[in-house]
Amino acid sequence: MPDAGPRTGFYPGTFDPVTNGHLDIIERAARLVDRLIVGVGENAGKQPLMPVDERIACLQAETAPVARRAGIAIGVVGFGGLLVDAARAHGATVIVRGLRGVADFDYEVQMFGMNRQLAPDIETMFLMAGEGSQYISSRLVKEVARLGGDITGFVPPFTRRRILARLGG
């Protein structure tokens, strides 16, 4: 059987902000692929706290140690439009999706079906969030931060500083 070459994964999300749960998925996905691209979606409908370039900067800072530990390249890119088009543009054969629970599953199954129809050559891999991060969502992290709560346990340090600076704290 001929060598298929390196397997590239594409992990998409809004990452506003990147959370410890996201990093858990990135760390685990990095053990399953030869190269991982983290795609930062330009989803203006979610009213992001940080612009795309700032989210990319946070992810670059937070994923650098993960890449070193895993011994693979982890790239971070912004994207708009169809996920499958972005995955293809970066040579990905696998889309990585994280699931926190049943509510995520319903939405992700729909996305899987659409992506499968649009790009049958790209597989989707679901990773369950670790027990310690199943309750963490970017939306809740922003809410806690806006209300003056401590977000230290939910986001990595570089990102925490960026969030607090953005909120004036």
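The following legends accompany several close-up views of one predicted model. Local features are given for residues with pLDDT of at least 70 and side-chain atom pairs at pLDDT 80 or more, whereas totals for chains, interfaces and linings use all residues. Residues are numbered from 1 along each chain as its sequence is written, and side-chain values use heavy atoms, with hydrogens and water left out.

**View 1. The loop between strand S1 and helix H1.**
Phe15 lies in the loop between S1 and H1, where helices (H or I, at least four residues) and strands (E, at least two) are DSSP runs numbered from the N terminus. The phi angle of Phe15 is near 55°, a positive value in a residue other than glycine. With 3% relative accessibility, Phe15 counts as buried; buried stands for under 20% relative accessible area, exposed for over 50% and partly exposed for values in between (1.4 Å probe, protein chains only). Pro17 is placed in the loop between strand S1 (8-13) and helix H1 (20-30), and the peptide bond that joins Asp16 and Pro17 is cis, with omega about 5°.

A pair of aromatic rings is described by the distance of the centres and the angle of the planes. The structure holds four aromatic pairs, counted where rings of Phe, Tyr and Trp (its six-membered ring) have centres within 6.5 Å, with planes under 30 degrees apart taken as stacked, over 60 as edge-to-face and the rest as tilted. The ring centres of Tyr11 and Phe15 are 5.3 Å apart and their planes stand at 75°, so this pair is edge-to-face. Tyr11 is buried, its relative accessible area being 5%.

**View 2. The start of helix H1.**
At the start of H1, a side-chain oxygen of Thr19 reaches to within 3.2 Å of the backbone nitrogen of Gly21. The buried residues of H1 include Gly21, His22, Leu23, Ile25, Ile26, Ala29 and Ala30.

**View 3. Ser137 and its surroundings.**
Ser137 belongs to the loop between strand S5 (123-128) and helix H5 (138-146), and at 12% relative accessibility this residue counts as buried. The side chain of Ser137 reaches the backbone nitrogen of Leu140 at 3.1 Å. When residues up to four places away in sequence are not counted, Ser137 touches Thr19 and Arg100, contact being defined by heavy atoms within 4.5 Å.

**View 4. The lining of the largest pocket.**
About 1,100 Å³ of space lies in the largest pocket. Among the 39 residues that line the largest pocket, Pro12, Gly13, Thr14, Lys46 and Arg97 are the closest to its centre. On a 1 Å grid over the protein atoms alone, a pocket is an open set of points where a 1.4 Å probe fits, with protein on both sides within 12 Å along at least five of seven lines, and lining residues have an atom within 4 Å of a point. At least two residues of this lining come from each of S1, H1, strand S4 (94-99), helix H4 (102-118) and H5, and H4 gives the most, with six residues.

**View 5. Two exposed loop residues.**
Gly45, in the loop between strand S2 (35-41) and helix H2 (52-70), counts as exposed at 69% relative accessibility. Glu131, found in the loop between S5 and H5, is exposed with a relative accessible area of 72%.

Definitions and conventions. A polar contact is a pair of N or O atoms within 3.5 Å; within protein, one must be able to donate a hydrogen and the other to accept it, and residues adjacent in sequence count only if both atoms are side-chain atoms. Grid points are joined across faces, edges and corners, and a volume is the space filled by probe spheres set on the points.
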